[in-house]
Amino acid sequence: MSVSNAAIAAVFEEIADILEIEGANPYRVRAYRNAARTVSAYGTELAPLLARGATLPKMPGIGEDLAGKIAEIAATGSCALRERLHREVPAAIVSLLQVAGIGPKRVKLLYHDLGIETPEQLLEAARAGRVQRLHGFGARTEARLMEALQRQLAPGRRYPLADVAAQGEALAAALRGCRGLRSITVCGSVRRMRDTVGDLDLLAVTRTPATVMRRFLGLPAVGEVLTRGPTRATVMLRSGLQADLRAIAPEAEGAALVYFTGSKAHNIAIRRRAQKRRLKISEYGVFRGARRIAGATEAEVYAAIGLPPIPPELREDRGEIAAAAADQLPRLIERADLRGDLHVHTIGSDGTADLEAMAQAARRAGLQYIAITDHSRSTRVAHGLDEARLLRQLDAIDALNARLDGVVLLKGIEVDILADGRLDLPDRVLGRLDIVVGAVHAHFDLPRRRQLLRLQRALDHRHFHVLAHPSCRLIGTREPLDVDISAVIRSAAQRGCGLELNAQPQRMDLLDTHCREAQAQGVPISIASDAHGPRDFDWLHYGVGQARRGWLRREDVVNTRTLDELRQWLGARSSQASSEHRRRGP
DNA sequence: GCCGTTTTCGGCCCGACTGTTTTCAGTCG
């Protein structure tokens, strides 16, 4: 029923696409794109807010007109402008923008001159040789388009951060040692630790770019060369991922890092700030007139426009520049702050290692405690634990803790939240555990209202501590639950429960924007590996990255606490819940 | 369409690469 922020943003993106194709004022188009970004990154769901009669909060780049459209879309799912545009231009036409090498001008030309509306029709026309006769096109462009169209089975595909980061590191390692190369850095959304990545951006610092380019283009991982110039090349890797290499001189390294790390919106924002100070920022440095006044380091670039250095994870134009200007950047959590992991599996359910192997691996990963949280009986594919098997595991944990040194195992469970919100194991068992982590593993498609009631009922349970992977999305495979996440966060806050930031590469769940909202509500976050094997603790690194993108500090994350402090929180939650339980009656 | 320690109107980030261009538009990041 209620329209999500993502849906509002999608309407704005679509309007921007169509306006661009129609040749509208580019800054008007940008206004819609900025609005889409602002709305989708906004912490609180706007439609329920407006439905309750609240006024829309002031957001940067949202004026009177766009505020009105947000209200219209929140109420109806669409707006008059979009409906009008759909009458003027076929809706499918925006899909042509996804084709590499096709922008708004060419979409317009293809539609007006050849009546082409879809990538399929474009491929057909290109094969028939009709495209090369258009003004501004030629035989080579037509050939490139055919290649792009044939390759483009999954346009705009994004991959999990951990997968792409590994490929980036491999490329960087293969280039290190190249003559004349001073440094090589993976930039772009990998450096910003975005949960998904569309392509790889590598920055090479060198005085001999030609040598480095040649070496790069000859790497075995490189499939096809898409473009190549003296300082920049774009290739398609054999893995199917696109990679860009940019070469820059040492004196511009900082400016180039800023430029190539992005985000685009952040770059635009800092360049505007520079403009107001009669400065110009490009990848070559910060310039006053023709004179370069900064550029060797990132800190220098930010200092030139009166800012302290901004961590890459925050560079999304979501308020970090204003915070930096006011000297109010958060001191972000770091991997070394984590003392434990509250979501770990063993061969008790679908893990690959036993209790002791996981404990030793955790210790090697620098952790002082882990909660053993195997699945409960309803998750049959994972061989979930029933009451009897769980009780045997508890005894085994006691025995192991008695002889383990340097790491403590907590008794826990990843208990299924059933369709009606009940938990999958009886109270008498849950009450014996140190920690109850609850999660949805089935019935992902309940109606929005019922899904919320289900989660709220689970959070109400007196033994419940942490809601695991709250959205249940699997990147590229499963959409997030259709649920008012703002309401879930408020419910967790009211009940004293925590929310998990699951660091499995295909989950990365909570989303960064929801971390920020949880922080504002005072909900503790558990950054968890959801490890199913000894090496999976490595994923915590990416979980911390996502937490940093959500502006989280050490004090916002519950597994940065000492074991004693953690036990206090777990116990406090239980006594709070049971007193509420008594108040409400059984 | 937004916005204002220059402005309520006139601006709005900056540069690389490609292909068709006869001096530059389109696309991309």
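Helix H16 (residues 355–364) lies across S11, strand S12 (369–372) and strand S13 (408–416), and runs at about 150 degrees to S12. Helix H17 (residues 387–403) also packs on the sheet, where it touches S12 and S13, and its direction makes about 160 degrees with that of S13. On terms: helices (H or I, at least four residues) and strands (E, at least two) are DSSP runs numbered from the N terminus. Contact means C-beta atoms, placed from the backbone, within 7 Å. Axes are lines fitted to C-alpha atoms, for helices over the stretch in contact, with angles from 0 to 180 degrees between N-to-C directions.

This is a predicted model: local features need pLDDT of at least 70, side-chain atom pairs count only at pLDDT 80 or more, and totals for chains, interfaces and linings use all residues. Residues are numbered from 1 along each chain as its sequence is written, while chains are lettered from A and ligands numbered from 1 in the order in which they are written.

The sheet under those helices is open, with seven strands in the order S11-S12-S13-S14-S15-S16-S17 and parallel pairing; two strands pair if DSSP finds at least two bridges between them. Strand S11 (340–344) and strand S17 (525–528) are at the edges with a single partner strand each, so one side of each has no neighbour in the sheet. Strand S14 (residues 435–439) and strand S15 (residues 466–467) run parallel, joined by two bridges. Gly438 has Leu467 of S15 as its bridge partner.

Now the other sheet. Five strands form an open sheet, in the order S2-S4-S7-S6-S5, with mixed pairing. Its neighbouring strands are turned by 25 degrees against each other on average, direction ignored. S5 and strand S6 (residues 232–237) run antiparallel, with five bridges between them. Helix H9 (residues 161–175) lies across S2, S4, S6 and strand S7 (242–248), at about 25 degrees to S4.

Last, the DNA. How many residues surround DNA strand B? There are 42, the closest being Gly63, Gly103, Arg106, Gly138 and Gly229; near means a C-beta atom, placed from the backbone, within 6 Å. Which element gives the most to this surface? H13 does, with five residues.

Notes. Contact = placed C-beta atoms within 7 Å.
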